[in-house]
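Please look over the sequence and the model shown here before reading on.

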Amino acid sequence: MSDKSSEKDQVLMEKIVSLCKRRGFIFQSAEIYGGANGCWDYGPLGAELKRNLKDYWWRKNVQEREDILGLDGSILTLESVLEASGHLGGFSDPMCDCLLTKARLRADEIDPQSGTAYHYTGASHEESGWSVDRAYSVLLSENQDENKARKTARLYYSQFLSDKQISPKKLELAGESTEEVTDSTSYNPENGSLLTAAREFNLMFKTKMGASADESDPKGTAYLRPETAQTIFVQFKNVVDSNRVKLPFGIAQIGKSFRNEINPRNYTFRSREFEQMEIEYFCREEDGMRLTDEWLETRLSFYEEIGIPREHLHVLDVPDGERAHYSKRTYDIEYEFPFGIQELEGVAYRTDYDLKKHREHSGKPIEFFDDEAKEKLLPHVVEPSAGCDRTILALICEAYDEETITDDKGKEETRIVMRFSPRMAPIKVAVLPLLKNKPELVAKAREVQSMLTPFMNVFYDETAAIGRRYRRQDEVGTPFCVTIDFETLGENGDEDKDTVTIRERDSMEQRRIPISELREYLLDAIV
């Protein structure tokens, strides 16, 4: 990606973030207290958008299918569950610290760098007699001034001064030497400072259960779940015993998960609290690979249905060595965000790993009895796991558009439009009386609003000129605006009486439609 293209994408992302706050889609959590890093609150429009996505996902995967059942599991998860799943011992990321700024970075996400490393053995201050012996180094890329390395080193050593009144500029560096390095990940890309050695950092949030819980109580320690999947595996036997199911079948869940990310970034994309939309689809071993491919196509079609075109999606067939150890095949469905191509969803063939582990650790029989084959077996599982918040961000990025239009007087202006699919749009229709100082127009508009409200989210607006109200609705993605005007009242003859003007967001085209047909027209458009 060129620097110019990267700068353009950064500007686009800044515009999207600004609109999300300005129009009430997404807010920084606890903003008035400086903000909670990696946590986000959905405003009125964001909450509607998220609800629409979750409702449609549930409808397509649970309500419209006979082979998938729903579950809503607890967020608090016993330590024994996560010990069985492998999270307790292995759910971590490699972390390192910048020796200069103390910033924490994920070691596996540092891009390799090449250049000249300036090494130092320590520093001293002659007047005070202060000195420190400690190895440190700074990496400079090609064409950077060597004095930058010395300045950075002095700033680093100044942290150890007992007299903070001494300027870093007064420090004498010791043992300077240089070395050419290639593809090193030992330095902070932001400032060239040396990093600490990588160490594992467990990503789970730990808590205590009960007022008298202590370390010796096996049920006294719990975690905020790092994924929704384990609830499904733990409740597999209960779901099977309480429902008449046959293989293949699935259990679906939408819920919050928590990961103490080292470096939350890219707006809501990587957060510490997030929501997952997940299915565990149980099957026979011989069907696992085939069903993984089928689920991939099903999930790609879902994204098209909610307004993300397939040409903006990428499928990564994760190669051997990069998949989770339990997976025989994994597909990552990725989207072209302004900040790069990133994962939206994983479709993984997890084999029978999870059920086998929970059977082993719990000591309880959780096999499935196949009535047709008259045998017990431990099913394998295919897991389509989507990030709800990531999908919301993809919907917002995909919808955002700016276009230059010319008004009736020949004046050009920029129209900001959120081109949400009607089924995802937070507001389905805006009802607008042409003038707010005409009681009969207002009364009719309120009548239309009341007629539509039980069936969809309706916004009523009577303030400002009609064109300005249209623009406001464009900016939040409302697909239709209904205007009640004097023709509606029959003041210009009976031909258009009890009709309204309906304006379509994307084309800005307008047409008249009888009020009696309005509800059906809109419902057909937003399903």
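## The loop between β1 and β2

Alanine 30 is found in the loop between β1 and β2. The structure is a predicted model, and in it alanine 30 has a positive phi of about 55 degrees, although this residue is not a glycine. Most residues other than glycine have a negative phi, and most peptide bonds are trans.

A search of the whole structure finds 51 salt bridges. One of them is formed by glutamate 31 with lysine 21, with 2.6 Å between the closest N and O atoms. Glutamate 31 belongs to the loop between β1 (26–28) and β2 (40–42), while lysine 21 belongs to helix α1 (residues 3–22), so the pair ties together parts that are ten residues apart in sequence.

## Helix α2 and its two partners

Helix α2 (residues 44–63) meets helix α10 (residues 388–399), their axes coming within 10 Å and crossing at roughly 115 degrees. At this angle α2 counts as roughly perpendicular to α10. The crossing of these two helices, α2 and α10, is right-handed. On the α2 side the contact involves Leu49, Lys50, Leu53 and Lys54; on the α10 side it involves Cys388, Asp389, Thr391, Ile392, Leu395 and Ile396. In the contact of α2 with α10, six residues are nonpolar, one is polar and three are charged.

Helix α2 also packs with helix α8 (residues 288–305), at an angle of about 140 degrees and with the axes 12 Å apart. This makes α2 oblique to α8. The crossing of α2 and α8 is right-handed. Here Leu53, Tyr56, Trp57, Lys60 and Asn61 of α2 meet Trp295, Arg299, Phe302 and Glu305 of α8. The residues in the contact of α2 with α8 comprise five nonpolar, one polar and three charged. Leu53 of α2 is listed in the contact with α10 and also in the contact with α8.

Strands of a sheet pair through backbone hydrogen bonds, either parallel or antiparallel.

Within this sheet, strand β14 (residues 249–258) and strand β15 (residues 273–283) run antiparallel and are joined by ten bridges. Which residue of β15 is the bridge partner of phenylalanine 258? The partner is glutamate 273. Proline 248 lies in the loop between α7 (236–242) and β14. The peptide bond that joins leucine 247 and proline 248 is cis, with omega at about -5 degrees.

A second open sheet to consider has five strands in the order β25-β24-β26-β27-β28, with mixed pairing. Its edge strands, β25 (458–460) and β28 (510–514), each pair on one side only. From one strand to the next, the twist averages 30 degrees. Strand β26 (residues 480–484) and strand β27 (residues 499–504) run antiparallel, with four bridges between them. Phenylalanine 480 has glutamate 504 of β27 as its bridge partner.

Helix α11 packs on this sheet, where it touches β24 (429–433), β25 and β26, and its direction makes about 165 degrees with that of β24. Helix α14 lies across β24, β26, β27 and β28, and runs at about 120 degrees to β28. How do these two helices meet? The axes of α11 (residues 439–452) and α14 (residues 515–526) come within 10 Å and cross at roughly 40 degrees, an angle that makes α11 oblique to α14. The crossing of α11 and α14 is right-handed. Helix α11 contributes Lys444, Val448, Met451 and Leu452 to the contact, and α14 contributes Ile515, Leu518, Arg519 and Leu522. Six of the residues in the contact of α11 with α14 are nonpolar, none is polar and two are charged.

Definitions and conventions. Residues numbered from 1 in each chain as written. Predicted model: local features only at pLDDT ≥ 70, side-chain atom pairs only at ≥ 80, totals over all residues. Heavy atoms only, no water. Axes fitted to C-alpha atoms, helices over the stretch in contact; angles between N-to-C directions. Parallel < 35°, antiparallel > 145°, perpendicular 65-115°, else oblique. Left-handed = near helix turned anticlockwise from the far one by under 90°. Contact = heavy atoms within 4.5 Å. Nonpolar A, V, L, I, M, F, W, Y, C, P; charged D, E, K, R; others polar. Pairing = 2+ DSSP bridges. Salt bridge = Lys/Arg side-chain N within 4 Å of Asp/Glu carboxyl O.
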